[in-house]
Amino acid sequence: MKIKLTSVYVDNQENALRFYADVLGFTKKADFSNGPYRWLTVTSAEEPDGTELQLALNDNPAAKAYQEAIFQQGQPAVMFFTDDVRGDYERIKAKGGAFTMPPTEVTGSTIAQLNDSCGNLVQITQLARW
């Protein structure tokens, strides 16, 4: 078994695409509509055939409540891994990323968090090298 797709709820898919592609550097993988429904995914530019992240519209009341609750608790909706959290922090900040936590050493890793401007906190993690 493999994980091929995971989702994050967003309050605006167009803004989410701009953030995840232009600011974080992901690549749009799928984008098609059927009536009011839009299927939109991005993937890592480093692994274009890897796991896709669906940017799912939070138009379901349960999805919206979940998204708002974890945001208010300060919990990231999604976590990405990197080999250079400080370098990514500088690159993303230069592209307008709004960090809520600069690179911070915690047990076993260094993390940074930012607001995706679509209702979510995003965590970037660099695992410690032992």
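I searched the whole structure for aromatic pairs and found three. I counted rings of Phe, Tyr and Trp (its six-membered ring) as a pair if their centres lie within 6.5 Å, with planes under 30 degrees apart as stacked, over 60 as edge-to-face and the rest as tilted. I looked up one of them, Phe26 and Phe80: the ring centres are 4.9 Å apart and the planes stand at 55°, so this pair is tilted. Phe26 lies in the loop between helix 1 (13–23) and strand 2, and Phe80 in strand 5 (residues 78–81), so the pair ties together parts that are 54 residues apart in sequence. Helices (H or I, at least four residues) and strands (E, at least two) are DSSP runs, numbered from the N terminus.

I note that the model is predicted: local features need pLDDT of at least 70, side-chain atom pairs count only at pLDDT 80 or more, and totals for chains, interfaces and linings use all residues. Residues are numbered from 1 along each chain as its sequence is written, and side-chain values use heavy atoms, with hydrogens and water left out.

Are Phe26 and Phe80 buried or exposed? Phe26 is buried, at a relative accessible area of 18%, and Phe80 is buried at 17%. Buried means under 20% relative accessible area, exposed over 50% and partly exposed in between (1.4 Å probe, protein chains only).

Next I looked at the hairpin. Strand 2 (residues 27–34) and strand 3 (residues 37–43) run antiparallel and are joined by seven bridges; strands pair if DSSP finds at least two bridges between them. Lys28 in this pairing stands opposite Val42. Two residues separate the strands, and Gly35 in the turn has a positive phi of about 65°.

I then checked Gln54, in strand 4 (residues 52–57). Gln54 counts as buried, at 8% relative accessibility. Leaving aside neighbours within four places in sequence, Gln54 is in contact (heavy atoms within 4.5 Å) with residues including Leu5, Ser7, Tyr37 and Trp39.

Which of its residues are buried? They are Val85, Asp88, Tyr89 and Ile92. They cover an arc of only 105° around the axis, which puts them on the same side of helix 3; the arc is that of the directions from the helix axis to the C-beta atoms. Their cover includes helix 1, strand 6 (98–106), strand 7 and strand 8. Gly96 follows helix 3 and has a positive phi, near 100°.
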